[in-house]
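This briefing is for a student who has the sequence and the model at hand. Please keep both open while reading.

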Amino acid sequence: MEHSLLRNLSGMLACGALACGGTAQADSIALPSAGPVFGVVTAPDGSVLASDAGSGVQEYRKGTLAAIAQLPGATDVAAIGRGDMFVITSGGFGGDGRLYRVARGSVREIADLAEFEATVNPDGADINPNPFDVAVLNGGQALVTDAGGNSLLVVDQRGNIDWVATLPPQLVSTDNVKSLLGCPGSGAPPCSLPAMIPAQAVATSIAIGPDGAYYVSELKGFPAPTGQSRVWRIEPGTRHAQCGTSPACSVALDGFTSIIDLAFGPDGTLYVVELEESSWFALEGAPAKAVGGSVNACNLDTGSCTQLATGLFMSTAATVGKSGTVSVVTNGLIPGAAVLSTVP
């Protein structure tokens with residue numbers, strides 16, 4: 001991911017200007033992780049799986065939290081069936097940039113995602129592998145977002161990798177980063193930036209919609225603008241599409257800030273998680289100005305969204321149970337402090 005921004009944020013050991021956890025929530029589960037928690041999913045049997053970038057995968061079942069697989073650098077997990085899952089690791093968090101399949105405690109490597117970025121480099125920009133999110137596709141395939149590579153990848157059961165689409169850079173305003181740094185009075189280096197510069201998309205999350213389409217979110221890299229993170233819709237079966245010019249890609253939702261995760265509910269509602277509404281840069285460079293992240297419920301038919309929760313400190317992931325209950329991880333970048341709570 002650009003500037004290794006989330007790795008830098010994960011080194012924060014205090015909650016800064018906000019109270020840990022943000023707005024009050026019920027039914028909380030402590031996730032005593034060794035590193036940041038970027039992924040959480042509800043398995044078919046109702047258990048909850050969480051990716052711990054410090055050690056691997058944890059499972060919460062009937063009040064008990066247990067380690068499932070030791071995979072340092074794990075940034076996401078996707079449930080296939082009971083005890084069966086895909087896990088991805090990122091070199092940015094001490095992993096090896098690979099896709100694994102974990103079944104009943106056994107761990108099997110499926111594909112080297114970092115090597116694919118190094119050799120194919122779909123977006124043609126700097127080689128910067130950072131596999132970040134994974135989803136299960138019918139037929140036993142996996143869809144993976146590479147946040148550093150600004151791309152969506154597909155991996156088959158034999159480990160063959162292809163790229164589905166790349167997300168384009170976008171010309172954005174530098175006003176937010178300048179405001180956070182107290183420009184022009186502070187004299188910080190970004191104060192001299194022009195009014196607009198290009199920002200990388202930074203593909204954070206992949207979710208498969210009820211229509212079978214692939215929905216991919218943007219975090220948006222430096223200069224960390226507000227209101228510029230988008231959710232792209234990519235036609236199922238797409239290969240080698242350059243979003244922004246390809247008819248296979250369209251913007252489904254926009255106007256967000258620093259999207260970190262997506263999750264669909266059983267009724268087709270898309271839940272969009274914003275890491276920090278003042279942008280990720282507020283957490284990294286101006287924590288006193290952080291206002292918290294949010295969870296938004298979006299109707300894709302109308303394009304309308306409603307905020308379900310705001311003021312969430314370091315909200316990094318969400319999952320939706322079979323009943324439609326939404327749970328969100330807060331304090332997710334602080335090792336040992338992550339909490340999974342239901343959204344009222």
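Which residues form one aromatic cluster? The cluster is made of Phe38, Phe93 and Phe132. The model is predicted, and the points below go through it by topic.

**Aromatic pairs**

- A search of the whole structure finds 5 aromatic pairs.
- One of them is formed by Phe38 and Phe132, with 5.1 Å from centre to centre and 55° between the planes, and the pair is tilted.
- Phe38 lies in strand S2 (residues 37-42) and Phe132 in strand S10 (residues 131-137), so this pair ties together parts that are 94 residues apart in sequence.
- Phe38 counts as buried because its relative accessibility is 1%, and buried means under 20%.
- Phe132 is buried too, with a relative accessible area of 1%.

- Within the order given, S12 (residues 151-155) and S13 (residues 161-166) run antiparallel and are joined by 5 bridges.
- Val155 stands opposite Ile161, a residue of S13.

- Ser205 is found in strand S16, which covers residues 203-208.
- Is Ser205 buried or exposed? Ser205 counts as buried because its relative accessibility is 0%.
- The side chain of Ser205 makes a polar contact of 3.2 Å with the side chain of Asp133.
- Leaving aside neighbours within four places in sequence, Ser205 is in contact with Asp133, Thr145, Tyr215, Val216, Ser217, Ile260, Asp261 and Leu262.

**Disulfides**

- How many disulfides does a search of the whole structure find? The search finds 3 disulfides.
- A disulfide is a covalent bond between the sulfur atoms of two cysteines.
- Cys183 is joined to Cys191, with an S to S distance of 1.9 Å.
- The torsion about the S-S bond of Cys183 and Cys191 is about -85°, so this disulfide is left-handed.
- Cys243 and Cys249 form a disulfide with their sulfur atoms 2.2 Å apart.
- The link of Cys243 and Cys249 has -55° about the S-S bond and is left-handed.
- Cys243 and Cys249 are both buried.
- Cys298 is joined to Cys305, with 2.2 Å from S to S.
- The link of Cys298 and Cys305 is right-handed, with 115° about the S-S bond.
- Cys298 counts as buried at 1% relative accessibility, whereas Cys305 is partly exposed, with a relative accessible area of 34%.

**Nonpolar cores**

- The largest nonpolar core has 38 residues, and Trp280, Phe281 and Val295 touch the most other members.
- Among the elements that each supply at least two residues of this core are helix H3 (175-180), helix H4 (280-285), strand S23 (293-299) and strand S24 (304-312).
- Strand S21 (259-264), strand S22 (270-274), strand S25 (317-320) and strand S26 (326-330) also each supply at least two residues.
- Which element gives the most to this core? H4 gives the most, with 4 residues.
- Phe281 is in contact with Val177, Leu180, Leu181, Phe222, Ala224 and Ala286, leaving aside neighbours within four places in sequence.
- A second, separate core has 19 residues, including Leu143, Tyr214, Ile234 and Cys249.

**An exposed loop residue**

- Lys62 lies in the loop between strand S4 (56-61) and strand S5 (64-70).
- Lys62 is exposed because its relative accessible area is 82%, and exposed means over 50%.
- From C-alpha to C-alpha, Lys62 and Val48 are 9.7 Å apart in space, and they are 14 residues apart in sequence.

Conventions
Residues are numbered from 1 along each chain as its sequence is written. This is a predicted model: local features need pLDDT of at least 70, side-chain atom pairs count only at pLDDT 80 or more; totals for chains, interfaces and linings use all residues. Side-chain values use heavy atoms; hydrogens and water are left out. Buried means under 20% relative accessible area, exposed over 50%, partly exposed in between (1.4 Å probe, protein chains only). A polar contact is a pair of N or O atoms within 3.5 Å; within protein, one must be able to donate a hydrogen and the other to accept it, and residues adjacent in sequence count only if both atoms are side-chain atoms. Contact means heavy atoms within 4.5 Å. Rings of Phe, Tyr and Trp (its six-membered ring) pair if their centres lie within 6.5 Å; planes under 30 degrees apart count as stacked, over 60 as edge-to-face and the rest as tilted. A disulfide is a pair of cysteine sulfur atoms within 2.5 Å. A nonpolar core is a set of buried Ala, Val, Leu, Ile, Met, Phe, Trp, Tyr and Cys residues joined through side-chain atoms within 4.5 Å. Two strands pair if DSSP finds at least two bridges between them.
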